[in-house]
Amino acid sequence: MIKKYTIAMLEGDCIGPEIMREAVKVLRVIEQQSGVTFDLQYAPFGGKAYFDTGKAFPDETKAVCDRADAIVKGPIGLSHADSQRIPVDEQPERGALLPLRRRYNTFANFRPVYLPPELAHFSPLKARVVEGGIDMMMIRELVGGLYFGRKEEGVNAEGKRYVNEVLEYDEDQIRQIMHIAFKESRKRKKVLHNIHKSNVLKSSVLWNAVLDEVAPEYPDVVVKHAIVDAAATALVLNPRQFDVMVMENMFGDILSDLGGGLLGSLGLMPSACVGPEKAYYEPSHGSAPDIAGKGVANPYSMIGSIALMLEKSFGMEKEAQQIMNAMRKVFGSGYTTADLKDPEGKSQVIGTAEFGDKVVAALLH
Ligand code: IPM
Ligand code: MN
């Protein structure tokens, strides 16, 4: 029987369609090579969707996503000026992305921070710090905490505008992300760094208590604790001490961007957002309005997100690995995209489509 998967394709804004196009080129090669069929269903999502349809996450898109086996999403967001023309609650982050996360309860966000040894020169860190490359997996809780807590705003008794937003987690939410993190650690170096702020935040006290309850189920995994601010310093001074890291939503947002900085660009940050029934895949970076339409964006994060989909939603680990190896080969043969700085100037800068073509060529040989 021929396997067929339906994939909702949400191209998003600005550079979204350009990098998505390259990801599709790659997907079509995998289709030929594996015999699996991918039925791609495009649907509007984000800021452009708002201007075209009046909704950042239209009902029609929800229906396409509901029916799909997996969702691939490009970056969303418009320039500051264009965003200002959208009502606050329809702005694509609040009006589309967070509702997508909530709809499919994609609580487990996997953000690999990965730079193979031969590409270590892309990192802004000194060669001796990143010798051997960077390889960690940041696991971010994605549907709790400040992002989804109750929000209230108004004018207080003294006539001052105030805002109150709540950082809320219940123990089940913490437990489920801990299981994900321990299982991931088991597949890797069996060391789990727990990132928290229990010296100040009660939410971290509960977080750590639940971790202690779950840990005995994984006696083979060593748990290490790091307070989030200290972790930020440690990541820069010695990123190679980390393997799997687990953290709440907001900490994960911030440290994963730091992760992109360690690699040299957010353009090297694919991600998987996994829920109990459905997962969606997206680059960790934004929509880069400044370079949209110029054909210079780095499609690595988007293509890498496709690889994560093959692995996590369709059990196609081998194909996922082939894609990552192909991209590694393109960089390794002396090509780069404009976002990456090669201090020795040895690499030749190529555009978005050229990068995609070279990945395809590498897959075919
Ligand atoms: C990310 C992004 C989003 C977030 C924004 C676009 C809402 O920065 O996926 O990291 O903060 O989660
Ligand atoms: Mn972010």
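Student: Leaving aside neighbours within four places in sequence, what is S347 in contact with?
Tutor: With that exclusion, S347 is in contact with H121, G334, Y335, T336 and D342, where contact means heavy atoms within 4.5 Å. This is a predicted model, in which local features need pLDDT of at least 70 and side-chain atom pairs count only at pLDDT 80 or more, while totals for chains, interfaces and linings use all residues. Residues are numbered from 1 along each chain as its sequence is written, chains are lettered from A and ligands numbered from 1 in the order in which they are written, and side-chain values use heavy atoms, with hydrogens and water left out.

Student: Where does S347 lie, and is S347 buried or exposed?
Tutor: S347 lies in the loop between β13 (335-336) and β14 (348-349); helices (H or I, at least four residues) and strands (E, at least two) are DSSP runs, numbered from the N terminus. S347 has a relative accessible area of 17% and is therefore buried (under 20%; exposed is over 50%, partly exposed in between, with a 1.4 Å probe and protein chains only).

Student: Next, A231. Which helix is A231 in?
Tutor: A231 is in α9, residues 228-237. A231 counts as buried because its relative accessibility is 0%. Apart from neighbours within four places in sequence, its contacts are I195, A226, F242 and L255.

Student: How far apart are A231 and M245 in space?
Tutor: They are 10.0 Å apart, C-alpha to C-alpha, and 14 residues apart in sequence.

Student: On to α13. How many residues does helix α13 have?
Tutor: Helix α13 (352-364) has 13 residues. From first C-alpha to last, α13 reaches 19 Å, close to the 18 Å expected at 1.5 Å a residue (1.5 Å times one less than the number of residues).

Student: Which residues of α13 are buried?
Tutor: T352, F355, G356, V359, V360, A362 and L363 are. They cover an arc of only 160 degrees around the axis, so they sit on the same side of α13; the arc is taken from the directions from the helix axis to the C-beta atoms.

Student: And what do the buried residues of α13 pack against?
Tutor: They pack against α1 (16-34), α11 (300-312) and α12 (317-332).

Student: Last topic, lining: which residues line the largest cavity?
Tutor: Y169, I195, S203, S204, W207, E248 and F251 do. Helix α8 (202-214) gives the largest share of that lining, three residues.

Methods
On a 1 Å grid over the protein atoms alone, a cavity is a set of points where a 1.4 Å probe fits but cannot get out, and a pocket is an open set with protein on both sides within 12 Å along at least five of seven lines; lining residues have an atom within 4 Å of a point.
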